[in-house]
Amino acid sequence: MKKFCGSVVLVAVLMTMVASQPRRAVEIKILSFNVRHGENRWGKSNLRSILRVIQEQKPHLVALQAVDSTRIDGEVRFQLRQLALQTGMHYIYGAADSTSDGNQGVGILSRWPIEKSQKLKLPATPGADPRVLLCGLIRHSKSLTFRFCNARLEYASVYDRALQAAYINHMLAESIQPVLLAMDMGARPNEQPYFSFRKKWLDAARGSLLPTWTEGVPGDRLDYIMVLQNTRVNVKNYKVLRQDRDASDHFPIVATVEFW
């Protein structure tokens, strides 16, 4: 009986010690990049530049905006699939609009399998270019399943950008799962579209003034990585990759997020 009681006490002590150990954070590295329809500033393919950035940064997740699937001389050139094959990553694609030569939209690359995907058409005024929100459900581990979403908002109309930003916040802000959101918002942090994300979202840049497009001046931050604050989360670091000004008219941005 004494041995049994001693064993119970030992188990209780061990369980207390394990419970008291600080939980180790899960780090997820995200890269977001408007790739300018797969062309550099001279109209040549920039896929090698995009691939180099991905290989150098080694992100777990990649959000690409303005990515194309086109038909040239009878051959389909699906930019996202090419990058997925060369990086060994899983992918999903959300076409925003189509022509006889193909379509363009947003894409997601992931180191982990994407269990489910969802594409939502974003609201817009008549005559505006179609825009979509693309989300993938990703199971990182038994303790963490999250949604990774990507969008490119309308750049020609402040009204449409604000409408689309409000819609995205409305659709994602009450999510049960954690949400990581990458966007080419086309708006600065002091403009109306950004205001939809001030209450419930953590901006990975945390007030950075570094421009994210190549002709920008300080404060011209148009590209974002955000995290829904519905769980214990922290942004470990953020940076704008400014090494190659010619690959696109936007710079890639990278953030590392910690989930606890």
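**View A. K58 follows helix α2 and has a positive phi, near 55 degrees.** Welcome to the end of a helix: α2 covers residues 47–57, and its buried residues are L47, S49, I50, L51, V53, I54 and Q57. Buried means under 20% relative accessible area, exposed means over 50%, and partly exposed is in between (1.4 Å probe, protein chains only). An α-helix has 3.6 residues a turn, so residues three or four places apart point the same way. Please keep in mind that this is a predicted model, in which local features need pLDDT of at least 70 and side-chain atom pairs count only at pLDDT 80 or more, while totals for chains, interfaces and linings use all residues. Residues are numbered from 1 along each chain as its sequence is written, and side-chain values use heavy atoms, with hydrogens and water left out.

**View B. The whole chain, for orientation, has five helices and 13 strands.** Helices (H or I, at least four residues) and strands (E, at least two) are DSSP runs, numbered from the N terminus. The chain has 260 residues, and 51% of them count as buried. Its accessible surface is about 13,500 Å² (Shrake-Rupley method, 1.4 Å probe; for residues, only the protein chains shown count as cover). Carbon and sulfur atoms hold 53% of that surface. Take the contacts (heavy atoms within 4.5 Å) between residues at least 6 apart in sequence: 68% of these join residues at least 24 apart.

**View C. Strand β1 pairs with β13 in the antiparallel sense.** Seven bridges link β1 to β13 (residues 253–259); two strands pair if DSSP finds at least two bridges between them. To pick out one of these bridges, look for L31, whose partner in β13 is V254. How much of β1 is buried? Eight of its nine residues are, so the strand is largely enclosed by the rest of the structure. In a regular strand the side chains alternate between the two faces of the sheet.

**View D. H37 and R206 have positive phi values in loops.** Most residues other than glycine have a negative phi. For H37, phi is near 60 degrees, and this residue sits in the loop between β1 (26–34) and α2. H37 is partly exposed, with 29% relative accessibility. R206 has a phi near 50 degrees and belongs to the loop between β10 (201–203) and β11. With a relative accessible area of 52%, R206 is exposed.

**View E. F78 and Y93 make one of six aromatic pairs in the structure.** Rings of Phe, Tyr and Trp (its six-membered ring) pair if their centres lie within 6.5 Å; planes under 30 degrees apart count as stacked, over 60 as edge-to-face and the rest as tilted. The F78–Y93 pair is edge-to-face, at 5.1 Å centre to centre and with 70 degrees between the planes. F78 comes from β3 (residues 75–78) and Y93 from β4 (residues 90–99), so the pair ties together parts that are 15 residues apart in sequence. F78 is buried, at 11% relative accessibility. Together with Y91, F78 and Y93 form one aromatic cluster.

**View F. Y194 and Y224 form a tilted aromatic pair.** The ring centres of Y194 and Y224 are 5.5 Å apart, with 45 degrees between the planes. Helix α5 (residues 192–195) holds Y194 and strand β11 (residues 223–228) holds Y224, so this pair ties together parts that are 30 residues apart in sequence. Are these two tyrosines buried or exposed? Both Y194 and Y224 are buried.

**View G. R198 lies over the face of F195.** The distance of R198 from the ring centre of F195 is 4.1 Å. A charge sits over a ring if NZ of Lys or CZ of Arg is within 6 Å of the ring centre and within 35 degrees of the ring normal. K199 is found in the loop between α5 and β10, where it is exposed, at 78% relative accessibility. K199 and Q229 are 30 residues apart along the chain, and their C-alpha atoms are 9.0 Å apart.

**View H. C135 and C149 form a disulfide.** The structure holds one disulfide (a pair of cysteine sulfur atoms within 2.5 Å). The sulfur atoms of C135 and C149 are 2.1 Å apart. The torsion about their S-S bond is about 110 degrees, so the disulfide is right-handed. C135 is in β7 (residues 132–141) and C149 in β8 (residues 144–152), so the bond ties together parts that are 14 residues apart in sequence. Both cysteines, C135 and C149, are buried.
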